[in-house]
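Subject: Structure for your review

Dear colleague,

Please find below the structure that I am handing over to you.

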Amino acid sequence: MLINRPYLPEGMNQTYQRSAAALRAAGDLKKYSGEAIPLEMMVDRCDSAHDLHGTINGLPAVIPRAEAVCSAVSGAEKEIAVLSLVGRPVCCVLLDAAGENGAALRLSRRAMQEKALAYLEETLREGDVIPAVITSMSPIGVFADIGCGVIALLPIRHISVSRIEHPRERFAPHQRIWAAVQKIDREHHRFFLSHKELLGTWAENAAQFQEGETVTGIVRGVKSYGVFVELSPNLTGLAEPDETLQNGQRVSVLIKAILPEKEKVKLHIVARLPPSVRRRALQYYLPGPNLRDWRYSGVSSPL
């Protein structure tokens, strides 16, 4: 996994702690001006001019409006993009050493995004397994930060084998996840991710369960011939028909049979359960730094 690269998602960069501490030393600010060292600032407020204000280890700092968002990265209307940064950590470059005289440090998030974008376009390859942080969700999928505010799209069909109607059924805002690089469009500076390949094969998921035990599940499909119940994000079993059930409903099920030769799980619905306030934790099966192929059903398929 590419976890030692210099530009991690915002909120995950550790180098800023050492760098920010060094900024406190008198006369030590100048060497950081214009450098590519990620400094992370927690944005406390956005003023009427849309300048962003915060602190770095107690030092007051400001990101001018023009330095807040890189248009090639955000893909969103800039005013909304700037406002959405309040209350979040952001990666920045130190523009100058004004902080030596007691004034707020002047930072640029835009410059850091541009440096991160150039690095990611040069070094990432399809299949690379990388950390990401979810920034927003929509019916088509999730948008995730893959490095200092560089945003990638994870389409809903690539989230898990078990089908969901909306990404919020699987993720929460600002959640840290692992993802595989599915495609890079360098001409338009766009990244596309996949996620289901990192949640295990049929055999790996089925190994978590035993015949005769009763577990909880989520209804993912109601058909005339049976009800599909999700046991894990990459494993679904089939129970007896019950057209009164609804997608997303939580149930308890008895595992009647696990059939590896057919890659099927037979279930019996025991009871309907109230909605859970806790989202299921994801269990990853990370293959290494690069995912070259995936064998969910015993047949190799490209990413």
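This is a predicted model: local features need pLDDT of at least 70, side-chain atom pairs count only at pLDDT 80 or more; totals for chains, interfaces and linings use all residues.

Helices (H or I, at least four residues) and strands (E, at least two) are DSSP runs, and they are numbered from the N terminus. Lys264, for example, lies in strand S15, which covers residues 264-273.

Residues are numbered from 1 along each chain as its sequence is written, and side-chain values use heavy atoms, with hydrogens and water left out.

Surface patch

Lys264 also belongs to a positive surface patch, together with Lys256, Lys262 and Lys266. Patches are made of residues with over 30% relative accessible area and no salt bridge; like charges are joined within 9 Å, and nonpolar side chains (Val, Leu, Ile, Met, Phe, Trp, Tyr) within 5 Å. Lys and Arg count as positive and Asp and Glu as negative, whereas His and the chain ends are not counted. The place of a charge is taken as NZ of Lys, CZ of Arg, CG of Asp or CD of Glu. Accessible areas come from the Shrake-Rupley method with a 1.4 Å probe, and for residues only the protein chains shown count as cover.

Salt bridges

A salt bridge is a side-chain nitrogen of Lys or Arg within 4 Å of a carboxyl oxygen of Asp or Glu. How many salt bridges does a search of the whole structure find? The search finds nine.

One of them joins the side chains of Glu67 and Arg110, at 2.9 Å from N to O. Glu67 lies in the loop between strand S3 (59-63) and helix H2 (71-74), and Arg110 in helix H4 (residues 109-123), so this pair ties together parts that are 43 residues apart in sequence. For exposure, buried means under 20% relative accessible area, exposed means over 50%, and partly exposed is in between (1.4 Å probe, protein chains only). Glu67 is buried because its relative accessible area is 14%, and Arg110 counts as partly exposed at 25%.

Arg110 also forms a salt bridge with Glu114, where the closest N and O atoms are 3.1 Å apart. Both residues of this second pair, Glu114 and Arg110, lie in helix H4, four residues apart, which is about one turn of the helix. Glu114 is partly exposed, with a relative accessible area of 36%.

A further salt bridge links Arg170 and Glu230, whose closest N and O atoms are 2.9 Å apart. Arg170 lies in the loop between strand S8 (150-155) and strand S9 (176-185), and Glu230 in strand S12 (residues 226-232), so the pair ties together parts that are 60 residues apart in sequence. Arg170 and Glu230 are both buried.

Aromatic pairs

Rings of Phe, Tyr and Trp (its six-membered ring) pair if their centres lie within 6.5 Å; planes under 30 degrees apart count as stacked, over 60 as edge-to-face and the rest as tilted. By this rule there are three aromatic pairs. Among them, Tyr225 and Phe228 are edge-to-face, at 6.1 Å centre to centre with 85° between the planes. Tyr225 counts as exposed because its relative accessibility is 52%, while Phe228, at 27%, counts as partly exposed. The rings of Trp294 and Tyr296 have centres 5.4 Å apart and planes at 40°, so this pair is tilted. Both Trp294 and Tyr296 are buried.

Backbone and contacts

Which residues other than glycine have a positive phi? His174 has such a value, near 70°, and is placed in the loop between S8 and S9. His189 is another, with phi near 60°; His189 is found in the loop between S9 and strand S10 (190-194) and is partly exposed at 32% relative accessibility.

Val219 lies in strand S11 (residues 214-223) and is buried, with a relative accessible area of 0%. Val219 and Val229 are 10 residues apart in sequence and 4.5 Å apart in space, C-alpha to C-alpha. Pro289, in the segment after S15, is 161 residues from Asp128 in sequence and 5.9 Å from Asp128 in space, C-alpha to C-alpha. Pro289 is partly exposed, with a relative accessible area of 48%.

Yours sincerely
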